[in-house]
Amino acid sequence: MVRYLLALVLAAFCGMAIAQEKLPYPQHYSVLTNDFADILSPEAEAQINAELQAARTERGREMTVVTIRSRDDYLPSTDIVGFAKDLFNGWGIGNAERNDGLLLLVAIEDREVRIALGAGYPARQDGVAARIIQTQIIPAFQEGRVADGILAGTRAALRQIQHPDDKPIAAAPRPQPQTQPQTAVPPAPRVLEQEPTPRSVGVLNRAWEAFQSSPIISMLLAAAAAVAGFFGLREAQRRRPRKCPQCGDLMLRLGDAQEDQYLDHGQLVEERVKSKDYGVWFCTKDEHITVIGYPKMFSRHAACPNCTYHTYETERTVRTPATTTSMGVAQLDHHCKNCDHSASETVTIPKRPENNSSGTSFSGSSGGGSFGGGSSSGGGASGSW
């Protein structure tokens, strides 16, 4: 029985060691930016490092930015949430006592991004991280400005995500009343009684006072209003009245059942794979047709090099995993849902850096110091584009 238990312990230990070796390790043991995907220019990485180093020096806040090609190159994981948590705890990001670390992880070929928070952050900060991803990172990524999105997300995370141990801004001292000599006080003028405040007005006043006194409620309402305003404005722009370019009369917007007859095969396929949504306007006077396409957010379909429609899918398969001594190989299979154009290519996977002996804490040689041994319980937010 003892031998059996020892065998189980050894097997579990070996399994943990193997899994740990499949995690990426800091480049040159850097605690700032680790660009494993090689998508940042030296200038962009220097800007991001400056923000991270300033947060460490001035506030003691430890944040790390990591880019990888794909999660498939490393530790097997069902989603980016589990991968980020394993990476966070494997590196030990943040102070071990406060657990105030932050991790911005970008998987460029998976088209996924996550801001992982240390275990010391309250759950409400997950919503702040989600708003940063949706407003600062994803829009820039969709325009191909990956470095700008990472820099904006880093700055926003360091400024907006609040830890309970963060020192509040000191309030201005209250002016002390000065002692005045006693003088005769004239009688107060008679004030006429006012009519009682209506009950509805009192409720509104109390709601407004609660809004002003609670920064959490204010932040949540402001975020909800911003999101609703963005999508409302976007929908209003799509459905606004349009004039016929030939006669100048207002055109009629067709419904979903009517517009399909005016779309070509590629446009219909784009709607089917949900990469684009089309609107069709019809002029009842001269029968002019206007077709406008609106790209869908978070679509995984790119423009096909053959037919140019956004119906190009890519499937990635790791043929040879990367090791610490040799690069790996992955195969990318592309296929167009519209014209059936297909192509395949192989890409190299960067070598995994050597593991150090500690396995959980890494020292920095690029001015970043060392990881503090913090941990994450899985808090944060994710997004895709």
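Mentor: Let's start with helix H3, where the buried residues are Ile 80, Phe 83, Ala 84, Leu 87, Phe 88, Gly 90 and Trp 91. Buried here means under 20% relative accessible area, exposed means over 50%, and partly exposed is in between, using a 1.4 Å probe and protein chains only. Before going on: this is a predicted model, so local features need pLDDT of at least 70 and side-chain atom pairs count only at pLDDT 80 or more, while totals for chains, interfaces and linings use all residues. Residues are numbered from 1 along each chain as its sequence is written, and side-chain values use heavy atoms, with hydrogens and water left out.

Back to H3, which covers residues 80–91, 12 residues in total. From its first C-alpha to its last, H3 reaches 16 Å, close to the 16 Å expected at 1.5 Å a residue (the expected span is 1.5 Å times one less than the number of residues). Helices are DSSP runs of H or I with at least four residues, strands are E runs of at least two, and both are numbered from the N terminus.

Now check the two ends. At the start of H3, a side-chain oxygen of Asp 79 comes within 3.2 Å of the backbone nitrogen of Val 81. That's a polar contact: N or O atoms within 3.5 Å, where within protein one must be able to donate a hydrogen and the other to accept it, and residues adjacent in sequence count only if both atoms are side-chain atoms. After H3 comes Gly 92, with a positive phi near 75°.

Positive phi turns up elsewhere, too. Glu 287 isn't a glycine, yet its phi is positive, about 60°. Find Glu 287 in the loop between S6 and S7; it is exposed, with a relative accessible area of 58%. Thr 308, also not a glycine, has a positive phi of about 70°. Thr 308 lies in the loop between S7 and strand S8 (312–320) and is exposed at 56% relative accessible area.

Three strands form an open, antiparallel sheet in the order S5-S6-S7, with S5 (252–253) and S7 (289–295) as the edge strands, each pairing on one side only. Two strands pair if DSSP finds at least two bridges between them, and S6 (residues 276–282) is joined to S7 by seven.

At 7% relative accessibility, His 163 is buried. A polar atom of its side chain is 3.0 Å from the backbone oxygen of Arg 98. Leaving aside neighbours within four places in sequence, the residues His 163 contacts (heavy atoms within 4.5 Å) include Arg 61, Asn 99, Asp 100 and Tyr 121.

Finally, zoom out. The chain has nine helices and 11 strands. Buried residues make up 36% of its 385 residues. Among contacts between residues at least 6 apart in sequence, 64% join residues at least 24 apart.
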